[in-house]
Each structure stands twice: as C-alpha cells, then as structure tokens.
Amino acid sequence: MKKYKMIDLFAGAGGLSLGFLMTGKFEIVGAAEINPNARLTYEKNIVKNKESFEFIENVIGYNFSELNNRCGGIDVVIGGPPCQGFSNANRQKNHLISMNNGLVKEYFRAIKEIKPKAFIMENVSMLRSDTHRFYESYKDCEEIKELIKKGFDIPFRKDIICVSNQKFENIDFNQIPDLCIDKFQLPCKLKHLLSVLKKNLGNEKRLSKYIEKNSTQILGAIDEVENKANAYDVSVLTRLIVIKDIFKKFKMIQKDGDFKCAEYVEIYKQLLSESDNVEYIVMLQKMLDTLKEIEENKLKGEFFQDEKGNLLYRVNSYAVIDYINAILGGEYSQVGETFNAEWFGVPQERRRYIVLGVRSDVCGERIIELLKEPESLTVVTVGQAIMDLSNYPVCYNKEHSLIKYNKEDELSDYAKKMREDSYGVKNHITTKSTKTALERFEQIKPGMNFHDLPNEMKKSYSKPERTQNTIYLRLNPDKPSGTVVNVRKSMWIHPQNNRAVTVREAARLQSFPDYFVFYGTKDSQYQQVGNAVPPFLAKGIAEQILKYI
C-alpha cells in the first residue's frame, strides 16, 4: 500500500504526527523541533529506530529543496508555527516582537521549496482576518515590493509602537536611534530579579519570601555590575547601590540569626520608599529591550515624540493573511475551519483553527471542504478517560517506572483504546502540593475553581479577582475537560482525589495512548502535553487530507 511522505514542522512532542500515523497511510520522513525535551519525546515515540528520518534542528535558513530531493518527493507538510509575537498580541507581552513572525514565513518558504500535494497549518487563527500583522522590515521589504509588482494586494497600515512613556536621566530621546544603549543595559539575570522584585513590592507576604529566597542572588548580580562600573552610566549605578544597601541590611540581620518581624517591616518600608529606583531601572530596561528589538529585527520605521514627550515608533504593518495569499501565488487552494477535539472522540472541548491547502493541479476543479460539526455526537467524559487510574499510586519523580495494569479494572471504551499496545502506565507523576494547596483542594468540588473558595483562602494572591477560571479547577467526571494547558501551572485537581492531575491523566485527556511516553523534566512533560495537538483530532484532519490527495 502506498504511503504518503510527510514532514512535521514545529512538531512538539508529536501529537499531530501521531494522528497522521494512526491512519496507516502516512510515513514521517522529517520533523523540526527546537525544544530538546520535546525532541527526545518525539524521537522515542515517533522516530524510534527509523534510519531514513531527518530531524531539523532549526527551520531558519534550512534548505527544504535538498530535503525534498533526498526523500524522493514529500507529499504533505504539516505543522503549527507559533502565532505569538504579532502586532495585535504585543500589548500584553514582554517583548515587542518575536522570532515567531519569521517562523510563519519560514513555514511558507518550506511550502514554496517543497511544493507538496497538500499542507496543514494548525492553531493559526491569524489567517482568518487582517488583525494579525507583520511589521515592515528591511529584511523583507524587497520581497513585499516584488509580490505587489506581481499584482498581489498587500495594503499597508500605519502602526504606532510606544517605546517609553517616561523620561530617563542622561538619556536624550533626540539621540535615538544613535544612542549607545550598552552603558544603560543590565545583565539579563539582574533585569529579571529586579523585575520580579517590582511585581512583589505591593504584597508584603510575597515580598518577604522573595527577599529571603533571592537576596544573595541580587547582591551578587549588583556586585558584578559594580565591578565593571566604568562600563555603566552613573544614573543606573547610583540607583543600584541604594537598592544594594537595603539588601545588605537584610543579610546582616539574617546572619545574626535573630530576624524579628519589626526589623523586616523596617526593610519593607525602606524598599517601598525606594520603589521609584526599582521602577526606574525596570522601566528603563524595558525601553532598552524595545529599542534593541527594533534594531535586531531591522524594522523600517521612524522614532518621534508626542506632545507629552513619550517616545514612539511609527512603522508600517501588513496582514499575515495578505502575505500568505500572495506568497502562495494561487498555486494552492486553501480553506480554514475551527475544529473541536470533541468531534473526534477526545474527552476535551478544545478548539483549533485548521488550514488545509491543496495544490491546484491536485485538487483540480474540486472545491475543498473541511468537516463541520456533526449533527449527533457521542461525547467522552473525563471520568471515562482517567478514572480507571484513580487508585494507581502516583509518583513525584520524573523517572517514574511502569505501573502494570490491574486486570480487574472497570474500563470504558475510551480507556480500552488508551491501553492498547501497552502493558501499563508511565508518566503517572504529579507535583507535591503545599499545605495551603491541599486545604484548597479539599474545599473545591467537581467543576468548581479558585473563585469558589472562601475569601480567606485566596489571600496569597494579590489580585484574586483577576485569577483565571482554569486555576485550581477540579475536573468534572461527567463532562469533557476544558482546553488542556500546562495543568501543573494551573493546578488542575483530580475529580475524586485531593491531588493535582498527573502527566498521564493530562495525556489521556489529550488522547495520547498509554504507550506514548513523555521525557524531560516534570514541568516540561506537562508543557509538552498541554502544547500538543490531540492525536485523535490530528487523525481526523489526516482523513480529510486523504480525500483530496
């Protein structure tokens, strides 16, 4: 039987690849994934001992034409380029832009070089509208000019980026972009430490813990800057020395072993009184990071100041959808649709936007259609997915060994599918919970979350009303779960037991069979599961592709 050759770009742990392999009609010949833990998981589960497989460490600049020739022609390209970092998402991000902009372009460069029969892009809702945009840069302005010359419509919009809304000593905005920023920019470690310090200044309890845990690191990092005093501007050094003196007082008290509450309160007051220095340094570093990103990404724009003296940057942007339509140049017919994982037997309500493109000479006159929501649907619940594991011992070590199945377990049809080709359970690991977390677990009933706790149990959060509904969520065994994310960070609770959901249980909710083992640190395993495309959903997408190729 003929198998279609395919590559998976931005493969993660391999959920999308696994779904395609489940059809029995695809052969994976290459994949790209930069995260070492996800790569290891992919290699162990998808690649195994396959000799004719190529792992691409970095897609940027990679020669896809040569790979296509070595493989004897690649039929299908799949993958989901990260979609963060576009102009409409920047307001809440730490960075103005990111390499993810370029990764979308690299994905379509792969399509142009390989010319596969079909491609799949997942989780890229940016393709639906002109909301998500690229900033114009000197890197791609000639490419865009050529596409426009060929008749493709790529309209520009003027965007304004706020670089800084406050003034800084010894920095003249009129000197930008020629200003030498090195003498103002602190090492990454110190920037991060002071940024977190600033966030904790308004919460005495959290600040106390932060000082105890990080004072030595902060003092050491400031010492490193002082040792290179000639390399830094005096305005930055002066403020750092004031902050350093406060932390030195804390270390002296701590060394005496008689750390009284009153003495801490005094240090707390001193830090608050010097919060302007902390704020100044943190905001200065953010401005410098923005300037650096503009320079490194070679944005094609101009700096200016508004009537309030804020430093702004004017730059053209253009819609991702316009770029993609132009770069494909009519060679592919494409259609996008939102799929729900529930439709494919996944015990989870997870919506992913999927784009299917089929080469024009392959689809001919056919109109490409994607699956719509079925009229009747058998929903798989959380209970059916994971409750057969409720009495299995959990482990707190990432190297958890296999637990053999109990033959007496009552199994749902879904649990039987999960157990196929496996002798037992691995990755049944979870995180140790604090006393406070356990007390919260006991209070929360199935389907409830952090917001349902009494107010006295929310005090460790500075703004509990802003906490997301997914935090401290106890799963309802009679319903599908919501979108699985990193359930360790969200503190998802088992439907019945007072503990956090394990990696394996999260994987079950994503439709990863038990034989699929995750590798890396505990947090990485949780993150790999949360980032993945549910394999059963991927299998349904693969079956849609087969209709056309």
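**Entry: phenylalanine 10**

I began with phenylalanine 10, which is buried, with a relative accessible area of 18%. For this notebook, buried means under 20% relative accessible area, exposed means over 50%, and partly exposed is in between, with a 1.4 Å probe and protein chains only. I found phenylalanine 10 in the loop between strand 1 (4–9) and helix 1. Here helices (H or I, at least four residues) and strands (E, at least two) are DSSP runs, numbered from the N terminus. Phenylalanine 10 is not a glycine, yet its phi is positive, at about 60 degrees.

**Entry: what I am looking at**

I noted that this is a predicted model, in which local features need pLDDT of at least 70 and side-chain atom pairs count only at pLDDT 80 or more, while totals for chains, interfaces and linings use all residues. Residues are numbered from 1 along each chain as its sequence is written, and side-chain values use heavy atoms, with hydrogens and water left out.

I then took the overall view. The protein has 19 helices and 13 strands. Of its 549 residues, 52% count as buried. I also looked at contacts, meaning heavy atoms within 4.5 Å. Among those between residues at least 6 apart in sequence, 71% join residues at least 24 apart.

**Entry: helix 1 and helix 19**

Helix 1 (residues 15–22) packs with helix 19 (residues 535–546) at an angle of about 55 degrees, and their axes are 7 Å apart. The axes are lines fitted to C-alpha atoms, for helices over the stretch in contact, and the angles run from 0 to 180 degrees between N-to-C directions. Helix 1 and helix 19 are therefore oblique to each other; angles under 35 degrees count as roughly parallel, over 145 as roughly antiparallel, 65 to 115 as roughly perpendicular and the rest as oblique.

Their crossing is right-handed. A crossing is right-handed if the near helix is turned clockwise from the far one by less than a right angle, and left-handed if anticlockwise.

Which residues meet here? From helix 1 I listed Gly15, Leu16, Leu18, Gly19, Phe20 and Met22, and from helix 19 Pro535, Phe536, Ala538, Lys539, Ile541, Ala542 and Ile545. By class, this contact of helix 1 with helix 19 has 10 nonpolar, two polar and one charged residues. Ala, Val, Leu, Ile, Met, Phe, Trp, Tyr, Cys and Pro count as nonpolar, Asp, Glu, Lys and Arg as charged, and the others, Gly among them, as polar.

I stayed in helix 19 for glutamine 544. Glutamine 544 counts as buried, at 6% relative accessibility. Leaving aside residues up to four places away in sequence, glutamine 544 touches Glu369, Leu370 and Leu371.

I moved on to the loop between strand 7 (157–164) and helix 6, where asparagine 170 lies. Asparagine 170 is partly exposed, with a relative accessible area of 45%. Not counting residues up to four places away in sequence, asparagine 170 touches Phe184, Asp233, Val234 and Ser235. Asparagine 170 and valine 236 are 66 residues apart in sequence and 9.6 Å apart in space, C-alpha to C-alpha.

Proline 177 also has its place in the loop between strand 7 and helix 6. A cis peptide bond joins isoleucine 176 and proline 177, with omega about 10 degrees.

**Entry: helix 6 and helix 10**

Helix 6 (residues 188–200) and helix 10 (residues 275–296) pack at an angle of about 125 degrees, with axes 9 Å apart. That makes helix 6 oblique to helix 10. This crossing is left-handed. On the side of helix 6, I noted Lys191, Leu194, Ser195, Leu197 and Lys198; on that of helix 10, Val278, Glu279, Ile281, Val282, Met283, Gln285 and Asp289. The residues of this contact divide into six nonpolar, two polar and four charged.

**Entry: helix 11**

Is helix 11 (residues 320–328) mostly covered or uncovered? I found eight of its nine residues buried, so to me it reads as mostly covered. Among the buried ones are Tyr323, Ile324 and Leu328. Just after helix 11, glycine 329 takes a positive phi of about 60 degrees.

**Entry: asparagine 427**

My last stop was the loop between strand 13 (424–425) and helix 15 (435–443), the place of asparagine 427. Asparagine 427 is buried, with a relative accessible area of 4%. Asparagine 427 is not a glycine, yet it has a positive phi of about 60 degrees.
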